[in-house]
Amino acid sequence: MVQVLDRFEIINDILVIKWEGGEESYILLKALRDRCPCAECSGETDALGNLYMGYDKPKIPAGYTIMKVKPVGYYALQFTWGDGHDAGIYRFELLKELSDLTD
Ligand SMILES: [Zn+2]
């Protein structure tokens, strides 16, 4: 089933997403940031299979606040975090998965 995003808002430390059809997802910003899907945060594998973790988890609280949300096509959202990181493209499927996490 294709997810269609209706609207979203940030309430304190939670991202609330309303999907078309009325279903809602509540995602902790911390869970969202800790699972940033970009190559830097999730690690990159080179040709020899070595895994490189380039980006540390944010150490300042600002890293867990969202400055800007930008829709990417009709399939994902891109967030700009308080520490300037904005490389993660969160597909709607990922956002739905993250809505069940508590930390
Ligand atoms: Zn990232």
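Two strands pair if DSSP finds at least two bridges between them. The structure here is a predicted model.

**Strand E7 and its partners**

Strand E7 covers residues 76-81. Strand E6, residues 66-72, is joined to E7 by six bridges, so the two strands pair, given that at least two bridges are needed. They run antiparallel. Val 72 has Ala 76 of E7 as its bridge partner. Three residues lie between the strands in the hairpin of E6 and E7. There, Gly 73 takes a positive phi near 55°.

E7 also has bridges to strand E8, residues 89-91. These strands run antiparallel as well. Gln 78 finds its bridge partner, Ile 89, in E8.

| Strand joined to E7 | Residues | Bridges | Direction |
|---|---|---|---|
| E6 | 66-72 | six bridges | antiparallel |
| E8 | 89-91 | three bridges | antiparallel |

**Two faces**

Which residues of E7 lie on its covered face? They are Leu 77, Phe 79 and Trp 81. The uncovered face holds Ala 76, Gln 78 and Thr 80.

**The core**

The largest nonpolar core has nine residues. Among them are Leu 77, Phe 79 and Trp 81, along with Leu 15, Ile 17 and Tyr 90. Strand E2 (14-19) and E7 are the elements that give two or more residues to this core. E7 supplies the largest share, three residues.

Tyr 90 belongs to this core too. Leaving aside neighbours within four places in sequence, Tyr 90 is in contact with Pro 37, Ala 76, Leu 77, Phe 79 and Leu 95.

Technical notes: Residues are numbered from 1 along each chain as its sequence is written. This is a predicted model: local features need pLDDT of at least 70, side-chain atom pairs count only at pLDDT 80 or more; totals for chains, interfaces and linings use all residues. A nonpolar core is a set of buried Ala, Val, Leu, Ile, Met, Phe, Trp, Tyr and Cys residues joined through C-beta atoms within 7 Å. A residue is buried if 20 or more other C-beta atoms lie within 10 Å of its own, exposed if 12 or fewer, and partly exposed in between; C-beta atoms are placed from the backbone. Helices (H or I, at least four residues) and strands (E, at least two) are DSSP runs, numbered from the N terminus. Two residues are in contact if their C-beta atoms, placed from the backbone, lie within 7 Å.
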